[in-house]
Amino acid sequence: MASTKVLELRIHSASNLRNVAWFGMNQDPYVLVRSLPSGAEAKTLSIWGGGVNPKFDAEKHQSRLVMRVPEADGSLVFEVKNKNVVQDELIASGVLDMGVVMDEGPAVQPVELPLAAFLQAVDAP
């Protein structure tokens, strides 16, 4: 069986997101995190009417994500999506090297990462 590590992420906020909501409505953003190549994933709840500058609350939006990821995984994919009834829309995405957030030691050390540094807005269709 492959060895795994526990990764804890806390999603706080996003700013200046592209608005993908229809007819000028506020979008309902959430964050999906996927570990590659295993595909292990976790996501926050959406913020109803969160708009382009959403603030995530740890309890209300379950923005404290705990993932068990294989040690062999090398990257994390972050996707900010708009929750829709039919199909969710991608707002922005980015990839982060796992080495930035995971170390070799057993100690837990928090790392503050502004997602804006590596998230890229997705072009409108």
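Reply: What follows goes from the fold to the core, then to the charged pairs and the surface. Please keep in mind that this is a predicted model.

Me: How many helices and strands does the protein chain have?

Reply: The secondary structure comes to 0 helices and 7 strands, so that the elements, read from the N terminus, run β-β-β-β-β-β-β. Among contacts between residues at least 6 apart in sequence, 62% join residues at least 24 apart.

Me: In which sense do S1 and S4 pair, and which residue in S4 is the bridge partner of Leu7?

Reply: S1 and S4 pair in the antiparallel sense, over 7 bridges, and Leu7 has Met67 as its bridge partner in S4. A strand can also be read by its two faces, and in strand S4 (residues 64-70) the covered face holds Leu65, Met67 and Val69, whereas Arg64, Val66, Arg68 and Pro70 lie on the uncovered one.

Me: Which residues touch the most other members of the largest nonpolar core?

Reply: That core has 22 residues, and those touching the most other members are Leu7, Leu9, Val31, Val33, Leu76 and Phe78. At least two residues of this core come from each of S1, S2, S4, strand S5 (75-82) and strand S6 (89-97). If we set aside residues up to four places away in sequence, Val31 touches Ile11, Ala42, Lys43, Thr44, Phe56, Phe78, Glu79 and Val80.

Me: Turning to charge, which residues form a salt bridge with Glu8?

Reply: A salt bridge is read from the distance between a side-chain nitrogen and a carboxyl oxygen, with a cut-off of 4 Å. Arg10 forms one with Glu8, the closest N and O atoms being 2.6 Å apart, and Arg64 forms another with Glu8 at 3.3 Å.

Me: Is Lys81, which meets Glu79 in a salt bridge, buried or exposed?

Reply: Lys81 is buried, because its relative accessible area of 19% falls under the 20% cut-off. Glu79 is buried as well, with 14%, and the two side chains meet at 3.6 Å, N to O. Both belong to a network of salt bridges that links Arg34, Glu41, Glu79 and Lys81.

Me: Finally, which residues make the nonpolar surface patch?

Reply: Trp22, Phe23 and Met25 make a patch of about 480 Å². Phe23 is found in the loop between strand S1 (4-10) and strand S2 (29-36), and Phe23 counts as exposed because its relative accessible area is 79%, where exposed requires over 50%.

Notes. Residues numbered from 1 in each chain as written. Predicted model: local features only at pLDDT ≥ 70, side-chain atom pairs only at ≥ 80, totals over all residues. Heavy atoms only, no water. Patch = residues over 30% accessible without salt bridge, like charges linked within 9 Å, V, L, I, M, F, W, Y side chains within 5 Å. Areas by Shrake-Rupley, 256 points an atom, 1.4 Å probe, with all protein chains shown as cover. Helix = DSSP H or I, 4+ residues; strand = E, 2+ residues; numbered from the N terminus. Buried < 20%, exposed > 50% of the residue type's maximum accessible area, 1.4 Å probe, protein only. Contact = heavy atoms within 4.5 Å. Pairing = 2+ DSSP bridges. Core = buried A, V, L, I, M, F, W, Y, C linked by side-chain atoms within 4.5 Å.
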